[in-house]
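User: Hi! I'm new to reading protein structures. Could you walk me through this one?
Analyst: Happy to! Let's look at it together.

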Amino acid sequence: MKGTRSVESVRYRSLFETGLGFGGVTAGEKGVVGVFLPFSGESADVLAKRISLLYPFAVNENRVTREAAISLHNYFVGERVSFDIPIDRSCFTQFQDEVYRAVSCIPYGSVKSYGEIASLIGRPKAARGVGAAMARNSLPVIIPCHRVVGSSGNLTGYSAAGGVSSKKWLLHMEGVSLPE
C-alpha cells in the first residue's frame with residue numbers, strides 16, 4: 001500500500017449546502033482528498049469543527065475545493081455534474097486507482113456490479129477487492145462508488161455517511177430503479 005497522507009498536507013476546505021444539511025470537501029496541493037457527504041444533517045459549524053479535528057491545517061478554501069463544493073452542491077440539487085476536478089491519487093494503491101478510474105466512468109443513472117468492475121480492470125476474480133476499494137473511497141460521489149452494486153442488483157454496502165440508505169437515496173435521485 002502506498003504511504004499515508006500527512007495531516008499537514010491537507011490545507012484547504014470548502015463547505016456546501018444541500019437540503020439534507022452541509023457537506024464538505026478537503027484538498028492538498030495535488031487535488032481533492034476527501035468528501036464529507038451531507039447525510040448526517042450537520043450544521044456548517046458542526047461540520048467545520050469535525051473537519052478541523054481531522055485536518056487542523058485546512059483552514060482556507062482554494063480554487064479546487066471551491067469548484068468541487070459548487071459541483072457537489074449542484075449534484076445534490078439534481079443537476080447532472082461532470083466532476084472534472086483534480087484528485088490527489090498519491091495514497092491510492094495501483095489496484096485502487098484502477099478501480100476508481102473504472103468506477104468514475106459509470107454514467108449518471110447507471111450501475112455496474114463489483115464483478116463487472118473487476119472484469120473491466122482485467123481482474124475478473126477480484127470482485128471482493130473492488131468492494132474493499134469502494135469501502136476505502138474517500139471521495140464519494142466524485143468517485144461514484146454508490147453506482148457499484150451486488151451482482152443481483154442489490155445494494156450491498158456503503159461506507160459513506162448514512163450507509164446503504166444514502167446509497168439508495170443517491171441512486172434514486174439519479175433515476176436508477178432498484179430491486180425490492
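User: Let's start with L15. Where does L15 lie?
Analyst: L15 lies in strand β1. Keep in mind as we go that this is a predicted model.

User: Is L15 buried, exposed or partly exposed?
Analyst: L15 is partly exposed, since its relative accessible area is 31%.

User: And what does L15 touch?
Analyst: Leaving out residues up to four places away in sequence, L15 touches G23, G24, A44, L47, A48, I51 and A69.

User: How far is L15 from K167?
Analyst: Their C-alpha atoms are separated by 21 Å. Along the chain, L15 and K167 are 152 residues apart.

User: OK, new residue. Where is R66 found?
Analyst: R66 is in helix α2. With a relative accessibility of 37%, R66 counts as partly exposed.

User: What is R66 in contact with?
Analyst: Setting aside neighbours within four places in sequence, R66 is in contact with S14 and E61.

User: Let's switch to the rings. How many aromatic pairs does the structure hold?
Analyst: There are eight aromatic pairs. One of them is F16 with F76, which is stacked: the centres are 6.1 Å apart and the planes are at 25°.

User: Which parts of the chain does that pair tie together?
Analyst: F16 is in strand β1 (residues 12–18) and F76 is in helix α2 (residues 63–76), so the pair ties together parts that are 60 residues apart in sequence. F16 and F76 are both buried.

User: What about Y75 and Y108, why is that pair edge-to-face?
Analyst: Their planes are at 75°, so the pair counts as edge-to-face, because planes over 60 degrees apart fall in that group. The ring centres of Y75 and Y108 are 6.3 Å apart.

User: Where do Y75 and Y108 sit?
Analyst: Y75 is in helix α2, while Y108 is in the loop between α3 and β4, 33 residues apart. Y75 is buried at 1% relative accessible area, and Y108 also counts as buried, at 16%.

User: Which residues form the aromatic cluster?
Analyst: The cluster is made of F16, F39, Y75, F76, F83, Y108 and W169.

User: Which residues of α3 are buried?
Analyst: F95, Q96, D97, V99, Y100, A102 and V103 are the buried ones. What covers them includes α4, α5 and β5.

User: And in α5? Which residues are buried there?
Analyst: In α5, V130, A133 and M134 are buried. They cover an arc of only 100° around the axis, so they lie on the same side of α5. The elements covering them include α3, α4 and β5.

User: What follows α6?
Analyst: α6 is followed by G175, whose phi is positive, near 85°.

User: Last one: what about the phi of V141?
Analyst: V141 has a positive phi of about 80°, although V141 is not a glycine. V141 is in the loop between α5 and β5, and is buried, with a relative accessible area of 2%.

Conventions. Residues numbered from 1 in each chain as written. Predicted model: local features only at pLDDT ≥ 70, side-chain atom pairs only at ≥ 80, totals over all residues. Heavy atoms only, no water. Phe/Tyr/Trp six-rings, centres within 6.5 Å; stacked < 30°, edge-to-face > 60°. Helix = DSSP H or I, 4+ residues; strand = E, 2+ residues; numbered from the N terminus. Buried < 20%, exposed > 50% of the residue type's maximum accessible area, 1.4 Å probe, protein only. Contact = heavy atoms within 4.5 Å. Arc of directions from axis to C-beta.
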